[in-house]
Amino acid sequence: MGSESKIHTFEEVAKHNKDKDCWLIISGKVYDVTPFMADHPGGGEVLLSATGKDGTNDFEDIGHSEDAREMMEKYYIGEIDAETVPQKRTYIPPHQMSNDPASEFFIKILQFLVPLLLLGLAISLRNYTKKE
Ligand code: HEM
């Protein structure tokens with residue numbers, strides 16, 4: 001098993017995110033841990049939580065033993081094409097205060113028109129009172 005070192009894309013690896021089909025990316029290598037799901041001392045759920053991303057930090061945060069690292073070799077199926085790995089998790093654009101650009105434009109116009117109207121009103125009132 002795992003004789004040739006195949007290069008996988010992130011997109012392809014991320015598809016294997018199920019209990020019965022689980023691939024992990026750890027330190028640039030790809031592991032098919034499907035047969036290990038039930039036997040993993042940390043449980044199958046945590047392995048699933050490390051799918052669809054670079055699981056290196058998750059794996060290292062636990063401080064796995066040397067035994068665990070040796071065990072990994074059994075599940076090695078190839079390398080990850082580093083260029084296909086997203087640097088960050090999905091980009092979430094900053095929250096926008098105004099949802100509609102048209103209403104934003106309308107408010108800008110109002111901000112400009114209201115003082116002008118008030119000024120016009122004041123001038124016409126002044127002229128009117130002067131005449132009397
Ligand atoms: C091929 C990958 C993995 C292998 C072979 C593996 C193997 C092991 C082994 C042998 C242990 C027992 C403790 C030790 O010897 O260090 C363990 C514990 C644990 N593993 Fe993994 N592991 C893998 C990936 C992961 C990942 C990706 C995570 C996190 C998302 C994880 C989370 C844990 C946790 C939380 C424990 C602690 C369980 C406890 O002590 O209660 N493991 N793992």
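Two strands pair if DSSP finds at least two bridges between them. Keep that in mind for the strand stops on this tour of a predicted model.

**Whole chain.** Start with everything shown. The protein has five helices and five strands. From one end of the sequence to the other, they follow the pattern β-α-β-β-β-α-α-α-β-α. Of the 132 residues, 12% count as buried. Now turn to contacts with a separation of 6 or more: residues 24 or more positions apart account for 70% of them.

**β2 and β3.** Select residues 17–18, strand β2. Two bridges join β2 to β3, and the strands run antiparallel. Find Lys 18; Asp 21 in β3 stands opposite. A hairpin through two residues links β2 to β3.

**β3 and β4.** Next, select 21–26 for β3 and 29–32 for β4. These strands pair in the antiparallel sense, over four bridges. Pick Ile 25 and look across to β4: its bridge partner is Val 30. Then move to the turn. This hairpin has two residues between the strands, and Ser 27 takes a positive phi near 50°.

**The core.** Is β3 mostly covered or mostly open? It is mostly covered, with five of its six residues buried. Select Trp 23, Leu 24, Ile 25, Val 30, Tyr 31 and Val 33. Of the 14 residues in the largest nonpolar core, these touch the most other members. β3 and β4 are the elements that give two or more residues to this core. β3 gives the most, with five residues.

Stay on Leu 24. Which residues is Leu 24 in contact with, leaving aside neighbours within four places in sequence? They are Tyr 31, Val 33, Leu 47, Ala 50, Thr 51 and Gly 55.

Finish here. In the model, residues 105–125 are 100% helix and 0% strand. Check the span between the end C-alpha atoms: they are 30 Å apart.

Definitions and conventions:
Residues numbered from 1 in each chain as written. Predicted model: local features only at pLDDT ≥ 70, side-chain atom pairs only at ≥ 80, totals over all residues. Core = buried A, V, L, I, M, F, W, Y, C linked by C-beta atoms within 7 Å. Buried ≥ 20, exposed ≤ 12 C-beta atoms within 10 Å, placed from the backbone. Contact = placed C-beta atoms within 7 Å.
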